[in-house]
Structure formats: C-alpha cells, structure tokens
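Visitor: I would like to go through this structure term by term. Please tell me what each label rests on.

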Amino acid sequence: MTRDPVVRPLGDTALSVEFADRIDPALTARIHAFDAAFTALRLPGVIETVPTYRAITLHLDPLVADRAAIADAVQNLAVAPFDRARDGAVWEVPVVYGGAFGPDLAAVAAHAGLTPDAVIAAHAEPQYQVAMVGFLPGFCYLSGLDAALATPRRADPRARIPASSISIGGAQTAIGSLEGPSGWHVIGRTPVRPFQPGRTPEFLFGPGDTIRMRPIPASEWAALDADAAQGARIATRLTEG
Amino acid sequence: MGALEVLSCGPGLTVQDAGRTGYLRFGVPTAGAMDRAALALANALVGNAPEAAALELPFLGATFRMRSGATVIGAAGAGAVLAINEIPVPAASAALVRAGDRVAVSPACGGVYTYLAIAGGIAVAPEMGSRSSHMRTGFGPAQLAAGDHVPLADEAGSEAALRYIGAAAPGDGPIRVVPGPQDSHFGEGVWAAFLGAAFRVSARSDRMGLRLDGPRLPSARGHDIVSEGVVPGSIQVPGDGQPIVLGRDCQTTGGYPKIATVISADLGRLAQFPPGAEIRFRTVSADEAIEAARSLADWVAALPGGMRSARTEPAELTRHNLISGITDARGH
C-alpha cells in the first residue's frame, strides 16, 4: 500500500515528495507517472525534477516557486488515478554477455547455481524499468532483475569498469554510461553509448524508460561499436514515450 | 582573441560559472562556483554578467602570462591579492592587462576560493549549457595546469570600466540550516549537539563535500536510507556520525540520512571556511531561507551593471565559434 506523499524541504532550493521509505517496483512506476504528470503542469519556478525509487526531488528557483501551489498540485496528483504503469520509452538494447565483455558472468552463474547461458537467458528475459539515474551521470538503476540472479557485491571493488557495462549488484542490475569505479559484477557490455557528448539527446535512457536486453554475439561488437562512435543510437526505440 | 597562459598553479584550478541545470535526472552534477557571490563580484569588477565563467582558484595562488590581446581582469573571494608585473592591484579593483604582462594571484587569505574574472568571459564552448568543470566526471573543461592556455572571449577588454567595488556579500554568524528531510531520524539530544557544538572543517573537504569533525550525530533509524535526491547544502550523516555538507560537485542522489540543509544564501560563505575553522549552525524556517536567498539576489543585482554583459551570453560566444576547449600548449 502507498500512503499519500509527504512533502519535505531541502532548504530553499528543493522539495522532496516522499512516497515511501522502501523499494517497490509498483511504487516506482507510480512515482514515474506522478513525475510525468507534475512536469506537464510546468509550474513556475520548478527547474527540474529527479525521480528516484521512493521519492521525487523538485528542484526550485526559490525566488519564483510558489510552494503553496506546488503542495496543492502534489496533493491533487496524489489522489488522481494512475492507470499507466509507465510513461517512458521502451528500448531494445543489444548486449554482448560474458567473455572479455562480462568478466563476472561466471561468478554470477556460480553464485546462482546456473550455467552462464541460463544466466544470460534469465537476464535478457525481463522488461526492466529505469528506476533512477544516479551514482555517476547516466548510471541507470534497473528494477526487475530475476531474484535468482541477485549476487552480493564484489569484495574487491574495481577502480574502473568500462562505459556501457551491464552489471549486477545485490538485487539490482544496471547499465552504466561512463567509465568509473564499481563493486558490481560486470556480466556484459552494450555497444550502445547511453551518454554521448554532442549527440541529441546526450542521454538516451531516463527514469521511467523500459529496457529490454537482446543478447548478441561478440562478433557483432566491432561493427556496432563503430556505428555508435559515429553517433548512431544502436538501441532500438520500440515505442514513443 | 586573447589567451592567458597558466605559468604555475595549485591543484583544482578550474573554470566555473553558475553550473549545469536540466540534467540532474540523468545524474549530472550541477558543479558551478562554490561561492556565487564572490563569482558575481569578480565578474562585476570587469563588467561581466554575474554568472559569467571565471577561473576558480582554491587555496593556492597562480601565475599567468597574457599571451595575446588585452583585457581587464579582476579578482574576488578569499582575500587573494592580484598583481600585474609584480605591482599589486588595489583590493576590489579591476586592472588592464596586455600581451606579455604577468598576472599573479596570491594564495587565499582568510578563505578558500578566489575567482579571477576576465572581461568578456572565457571562450570555452558550454557543455550541457555550462562551462563549469566537474573534475570527477570530466564534464566541462579539464582542470588547468601549467602550460595550459585559457582562451579569452575577445580583445576589446580595454573599453571596460576600471572599477572599484567595495561591497561584501551579506551574512555572518552561524550557518543557517532548514531541518530535514530526515530531521526526525535524529533525537532531541542529537539535535542539541548539532546546534550547540562547534564543528571543525576537515582537511578532507573538497568541492564534493565539506567534512566536519565534531560530536557524533547518531541516527535513531540507522545511516542507510533508500537513495533519494540531494542538493548542494544537504547535510548527510554517514555511519561514523560525522556530518558532510554537500558541495557544488555533489552527486545527484544519496543514501545517507540528511539532518538538515544549508540555505542557498549561506553556501558561498560556508565554502570559504578553510580546514581547521569552526562552524556553528542555527535553524531557520524555509520562508526565512527564501527571504535570505532574495536578499542575496538583491545584493548581486545591485552590483554595478554589466555593460558588457550581453557579450557573455553563451549563444554569443558559441556563435563566434572561437575555440572548442581549453587549449593545452604542452602538446605543441
């Protein structure tokens, strides 16, 4: 069950609209629908919004925003029905699993008691939701991981994993955008560049989007990577958001 | 087009403006000047708009050589002294520099961040709407080092007024905070310690966060929450109970409880507390925080008008297509 959201101040420049204090995919979907509806209101002084697993942060211009009007809008939207599970785009993302692209596939398979092929099949099965983006720019936390694939984080975090890595950390899975440190298990990599400077848009995936993984053989990597370097999206957009 | 060559500098010399907006939902930190009022003052000295990109120098000074062109420069912030060809520039004043001149900024004195503004701004292309460096992700121009050339917007700086502005940004006393969002996770005794004690600024502080040493602030509900959005000024309390005030380079989300948030009007003042300095907090309401933000905005608006401000608009610099980034002379 979800209760009415509670609005809490982050100083004068933001408000947190908190729906719960736990992770729950249904709740996250409701938050994304709320985010889309709230953003569509285009209230003065609302600079941008950051939906996360359990709350939305409303970043405000303190000199312009009308906090009373914002609080009213939040309460009105909170009682409105949410019949859409999500508002984002649906993307198909090609992934090379295992080998040099996914050095931890074997470790995840061993922990799950599955063959590497079964891990790939289980990871490519769900429709993932981008629950939130954080940690590093473009790092998409995906909800919907098969519980059988949950794997405790590495005891020895890596100082750097490549951009576009597909990883598992605990009960979560993610697509990274930038090279960076990680304690998660890297099971594959996509030739898609979720972030590319100068491309429009710079970031392909945002909160509320749906991601489907499509396993591809390593032999397809070079050509797709070359296309991506030229600015091609590679990821296939299955629906408009 | 003019260029300023970095002859020597300490770590952390970067280009900063008002920071990036519109990309928080993609996890992109805002970055931007740690002390916005000082940035505005430095820019006002040279006739720029308050949020034009300038050089931010933490702690240590730097020396530069004007390689070509002529312009007007001005410094504000942490009490640093500007000198042209070894001749000190009077405090809070702008100065004309010509090709061949040597520009020196002394180490910070009584603060941390000094801003060196150049008439017309810095001619680097904006990235996602801002020229601010974010060192951890590599967004914006790279951190500057000796040998780098800072491209300047134009050579017509000599027409800018040579000004003196003896203004200081408003504010003193304890740093003002609005309680929350997780204020209820901390008991009465913890709140009494938070507001009653002095916290010492740790040497491990940087643009990501100001780390404070003081009484432990244990949370009654543990020190892990499900990640949610944060802002510069959020006071996170991790498991060791020692608070961290997030800075302009902070990540967009965080999983530690936040006892309170430093109000935006006091963020610049807070950033200027050097390691070892003591900080006290006092609570204000959100309405008082907004009023303080308005007072600071009024102070910035009352700075002498930027007659050249139109030239610092990003679109203008982009249209001239002067240069795509800070040039690195070391490769030549």
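Guide: Gladly. Two strands pair if DSSP finds at least two bridges between them. This is a predicted model, and in it Val6(A) has Glu18(A) of β2(A) as its bridge partner.

Visitor: What makes β1(A) and β2(A) a pair?

Guide: The count of bridges. The cut-off is at least two bridges. β1(A) and β2(A) are joined by 5 bridges and run antiparallel. Therefore they pair under that definition.

Visitor: Which sheet holds these strands, and in what order?

Guide: An open sheet of 4 strands in chain A, ordered β1-β2-β4-β3, with antiparallel pairing.

Visitor: Why are β1 and β3 of chain A called edge strands?

Guide: Each of β1 and β3 of chain A pairs on one side only. On average, neighbouring strands of this sheet are turned by 20° against each other, direction ignored.

Visitor: What packs on the sheet?

Guide: Helix α1 of chain A, residues 25-40. This helix touches β3 and β4 of chain A. Its direction makes about 170° with that of β3(A).

Visitor: Why does Phe59(B) count as partly exposed?

Guide: Buried takes 20 or more neighbours within 10 Å, and exposed takes 12 or fewer. Phe59(B) has 17 C-beta neighbours inside 10 Å, so it counts as partly exposed. Its phi is near 60°, a positive value in a residue other than glycine. Phe59(B) sits in the loop between β3 (54-58) and β4 (62-68) of chain B.

Visitor: And what makes Ala92(B) partly exposed?

Guide: Ala92(B) has 19 C-beta neighbours inside 10 Å, and therefore counts as partly exposed. Ala92(B) also has a positive phi, about 60°, although it is not a glycine. Its loop runs between β7 (87-88) and β8 (94-98) of chain B.

Visitor: Which peptide bonds are cis?

Guide: Among them is the bond from Thr200(A) to Pro201(A), with omega near -5°. Pro201(A) lies in the loop between β12 (185-189) and β13 (210-215) of chain A. Another is the bond from Gly180(B) to Pro181(B), with omega near 5°. Pro181(B) belongs to the loop between β12 (175-179) and α2 (188-196) of chain B.

Visitor: Which residues have the most contacts inside the largest nonpolar core?

Guide: Leu142(A), Ala42(B), Ile73(B), Tyr115(B), Leu116(B) and Ala117(B), in a core of 155 residues. Helix α1 of chain B, residues 36-45, gives the most to this core, with 8 residues.

Visitor: What is Leu142(A) in contact with beyond four places in sequence?

Guide: Its partners include Tyr128(A), Val130(A), Ala131(A), Ile175(A) and Ile211(A). Gln129(A) and Thr173(A) are also in contact with Leu142(A).

Visitor: How many residues does each chain bring to the contact?

Guide: Chain A brings 38 residues and chain B brings 34 residues. On the side of chain A that touches chain B, β3(A) has the largest share, 5 residues. By class, that side has 21 nonpolar, 10 polar and 7 charged residues.

Visitor: How confident is the predictor in the complex?

Guide: The predictor gives the complex an ipTM of 0.91 and a pTM of 0.90. Chain B averages a pLDDT of 88, and 89% of the residues score at least 70.

Visitor: Where does pLDDT stay under 50 in chain B?

Guide: Over residues 307-332. The model has 49 contacts beyond four places in sequence for that stretch.

Note on methods. Residues are numbered from 1 along each chain as its sequence is written. Chains are lettered from A and ligands numbered from 1 in the order in which they are written. This is a predicted model: local features need pLDDT of at least 70, side-chain atom pairs count only at pLDDT 80 or more; totals for chains, interfaces and linings use all residues. Two residues are in contact if their C-beta atoms, placed from the backbone, lie within 7 Å. Helices (H or I, at least four residues) and strands (E, at least two) are DSSP runs, numbered from the N terminus. Ala, Val, Leu, Ile, Met, Phe, Trp, Tyr, Cys and Pro count as nonpolar, Asp, Glu, Lys and Arg as charged, and the others, Gly among them, as polar. pLDDT is the predictor's confidence in each residue, from 0 to 100. A nonpolar core is a set of buried Ala, Val, Leu, Ile, Met, Phe, Trp, Tyr and Cys residues joined through C-beta atoms within 7 Å. Axes are lines fitted to C-alpha atoms, for helices over the stretch in contact, and angles run from 0 to 180 degrees between N-to-C directions.
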